[in-house]
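Please keep the sequence and the model side by side as you read.

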Amino acid sequence: MHLSRFPRVFLAHLPTPLEKLDRLSHELGVEIWIKRDDCTGLSTGGNKTRKLEFLMAEAQAEGADLVITQGATQSNHARQTAAFAAKLGMGCHLLLEDRTGSNKANYRQNGNVLLDHLHGATTETRPGGADMAAEMEAVAAQFRAAGRKVYVIPGGGSNATGALGYVNCAFELVSQANDRGLVIDQIVTATGSAGTQAGLITGLKAINARIPLLGIGVRAPREKQEENVFALAQKTAEKLGCAGVVAREDVLANSDYVGAGYGIPREDTLEAIRMFAELEGILLDPVYSAKGAAGLIDLCRKGQFKGQRVVFLHTGGSAALFGYDDVLLAGRA
């Protein structure tokens, strides 16, 4: 699969490490490895960096001088887009949707929001449940009327162009495993806007890796999440020239760990954050990676991965921790 056919700006720190989590493995009785996509670089890294290498190259190719995207208040994607735009000398305008209803000062001003502004991005807010795609197009029209050349990036960078970043990640991960003689039995990661899971499964299927992938949902019900991922995987495969390589049964999600909603951590989310921090010195975020890890931990305890070697793909996002200090420190002296 020749990804060099597609425009790309090479800014990510790749390959990201693949490490064994010895203490967590001992705690859960399952051999667990971690793919450190929290180490991709640019403003604390995260999974969106891989997607933005392709998206921002496409924006440059179209002559854009301003990118617009959207996400929740503590959006990792918004922060990484702002960092890319700063690095490439482009403007960045962000629409931030209030999906949690939190009025906490740290949630609304610290963490990713602080970094958005440090990177020079301008921001607007929208209420929860807004049609964010339509909102972005309306704002883009205003900028275009003022003479700006605008490139609109979907939430999470999740379209066929962005998903190429995780096709590449699938190739990278399998290559690392091959070089170490590691047989991977299962990959687990958080899944939200669908691009990471869609890109991974497309890449894995395109090279016949025969490694199942489980997405732990952070927002949508299982059936809707799987349909969103499958639809994007189909588009990604078509873009790559291997249409039909992903079957519907290849796309698996578990949305049992969403809780009250997107961006609202459950007790098992907080437990996952503490376990990774205290056992492995690794920081998860309360929105994506910790809900993915909560699912991994629970399924290990239930025996689903007994006797297997599992790779957890860390999607990053630790900057968001500073917007959740109240729940993370509750009950602690």
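The paragraphs below go from the domains to the contact between them.

This is a predicted model, in which local features need pLDDT of at least 70 and side-chain atom pairs count only at pLDDT 80 or more, while totals for chains, interfaces and linings use all residues. Residues are numbered from 1 along each chain as its sequence is written, and side-chain values use heavy atoms, with hydrogens and water left out.

The chain is divided into domain 1 (3–46 + 159–329) and domain 2 (47–153), with bounds that come from an automatic or database domain assignment. The C-alpha centres of domain 1 and domain 2 lie 23 Å apart, and the contact (heavy atoms within 4.5 Å) takes 48 residues from domain 1 and 33 residues from domain 2.

About 3200 Å² is buried between domain 1 and domain 2, and carbon and sulfur atoms give 58% of this area; buried area here is the accessible area (1.4 Å probe) that two parts lose on being put together, summed over both. On the side of domain 1, V9, L42 and S43 supply 17% of the area that this domain buries against domain 2, more than any other three residues.

Charged side chains also meet here, for there are four salt bridges between domain 1 and domain 2, each a side-chain nitrogen of Lys or Arg within 4 Å of a carboxyl oxygen of Asp or Glu. The side chains of E53 and R8 meet in a salt bridge with an N to O distance of 2.8 Å.
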